[in-house]
Amino acid sequence: MAKTFEIVKMRNLLTGEEKAVKFAYGSDELTRERILKKLNRSLSGKEDKIFEYCFDESLNMHLLPGLSDETVRELSSRMYATAYAVCKKKKKGEKVLYLSLFKDTALRFRASIPAACRWKDGVQVLNPDFYVKELRLCL
């Protein structure tokens, strides 16, 4: 069974660049609004004029089958405060392709992407445009 999580990005208002920084479990509008207010209040000084938080993508994370929404929320807050995202660099920011609780699963997913490896001087090397990033849970 897959559960849907929202990716929270920090947007630079001057350049328009976006970076994934957190993930959140909450599909209703009230929860999303509360999380954004909390994160935007955490910005201090000049940061609040330069940066803002926003929701961008919704991704499924495959968890143990048969878990209720309350159980997923409880497990996330106690055990799974960190997730790993496979990201692809874009012109102004990054796009999250995959979300996993385990780093090895995220690394295997990145390795399965054909464009994640390229040839340089006759040797196959990793493409720096595809990388694994650690995201923290935001409640």
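Which residues of α1 are buried? In this predicted model, they are T31, I35 and L39, where buried means under 20% relative accessible area, exposed means over 50% and partly exposed lies in between, with a 1.4 Å probe and protein chains only.

## Basis of the model

Residues are numbered from 1 along each chain as its sequence is written, and side-chain values use heavy atoms, with hydrogens and water left out. Because the model is predicted, local features need pLDDT of at least 70 and side-chain atom pairs count only at pLDDT 80 or more, whereas totals for chains, interfaces and linings use all residues.

## Helix α1

Helices (H or I, at least four residues) and strands (E, at least two) are DSSP runs, numbered from the N terminus. Helix α1 covers residues 29-42, and its 14 residues should span 20 Å at 1.5 Å a residue, which agrees with the 20 Å between its end C-alpha atoms; the expected span is 1.5 Å times one less than the number of residues.

The buried residues of α1 are T31, I35 and L39. Seen down the axis of α1, these buried residues fall within an arc of 60°, so they line one face of the helix, the arc being that of the directions from the helix axis to the C-beta atoms. The exposed residues E29, L30 and R41 are carried on the face of α1 turned away from its buried side.

## Nonpolar cores

A nonpolar core is a set of buried Ala, Val, Leu, Ile, Met, Phe, Trp, Tyr and Cys residues joined through side-chain atoms within 4.5 Å. The largest has 15 residues, and those with the most contacts inside it are I7, F23, M61, V96, L99 and L135. At least two residues of this core come from each of β1 (2-12), β2 (18-24), β3 (51-62), β4 (82-90), β5 (93-100) and β8 (130-137), and β4 gives the most, with three residues. Apart from this core lies another, of nine residues, including V8, M10, A24 and Y53.

K120 stands opposite V123 in β7.

The loop between β6 (117-120) and β7 (123-126) contains D121, and the hairpin has two residues between the strands. The phi of D121 is near 55°, a positive value in a residue other than glycine, and D121 is exposed, with a relative accessible area of 75%.

## Cysteines

C87 counts as buried because its relative accessibility is 0%, whereas C117, at 25%, counts as partly exposed. With a disulfide defined as a pair of cysteine sulfur atoms within 2.5 Å, the count comes to zero disulfides.

Definitions and conventions: Two strands pair if DSSP finds at least two bridges between them.
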